[in-house]
Amino acid sequence: MAAVPAPIQRFLDTTNAGDTAGFLDCFTVDATLVDWGRRFSGREGISRWNQSDNIGVKAKLRLIRIEGAAGVYHVTVAVTGGGFNGEGTMAFTLSGDRIAQLVIS
């Protein structure tokens, strides 16, 4: 299993801690998040997704597997909380110390 890059670890940690400000700071200002075809742009859009599908429904994430390198990582997580429950895959594209794109499938 690949090492977990700092931006992805912060994403997991801030979600699990319910830290909305820290969660949003994981992303670049112009980041995109695509959740099964629903597209959210910029921190404002990601903030809406966070409220409806993540911290707002008390989601907890457990890392199962991570693969990738050179700024693109495929992460399998187990999700519990008041929304989706089960395993899912998240594809992270990193830019420096932040997430530039996240695609959930």
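I am working on a predicted model, where local features need pLDDT of at least 70, side-chain atom pairs count only at pLDDT 80 or more, and totals for chains, interfaces and linings use all residues. Residues are numbered from 1 along each chain as its sequence is written, and side-chain values use heavy atoms, with hydrogens and water left out.

**Entry: salt bridges**

I searched the whole structure and got 6 salt bridges (a side-chain nitrogen of Lys or Arg within 4 Å of a carboxyl oxygen of Asp or Glu).

- Arg-98 pairs with Asp-97, and their closest N and O atoms are 3.0 Å apart. Arg-98 is partly exposed at 21% relative accessible area, and Asp-97 is partly exposed at 45%.
- Arg-43 pairs with Asp-25, with 3.7 Å between the closest N and O atoms. Arg-43 sits in helix α3 (residues 42-53) and Asp-25 in the loop between α2 (20-24) and β1 (27-35), so this bridge ties together parts that are 18 residues apart in sequence. I noted Arg-43 as partly exposed at 27% and Asp-25 as partly exposed at 36%.
- Glu-44 pairs with Arg-48, again with the closest N and O atoms 3.7 Å apart. Both lie in α3, 4 residues apart, about one turn of the helix. Glu-44 is exposed at 63%, while Arg-48 is partly exposed at 48%.

I also found that Asp-25, Arg-43, Asp-97 and Arg-98 are linked in a network of salt bridges.

**Entry: helix α3**

For elements I used DSSP runs numbered from the N terminus: helices are H or I with at least four residues, strands are E with at least two. How far does α3 reach from its first C-alpha to its last? I got 16 Å over 12 residues, close to the 16 Å expected at 1.5 Å a residue (the expected span being 1.5 Å times one less than the number of residues).

Next I asked which residues of α3 are buried. They are Gly-42, Gly-45, Ile-46, Trp-49 and Asn-50. Seen down the axis, these buried residues fall within an arc of 145°, so they line one face of α3 (the arc is taken over directions from the helix axis to the C-beta atoms).

Last, I checked what covers them: the cover includes α2, β1, β2 (38-41) and β6 (98-104), with contact meaning heavy atoms within 4.5 Å.

Technical notes: Buried < 20%, exposed > 50% of the residue type's maximum accessible area, 1.4 Å probe, protein only.
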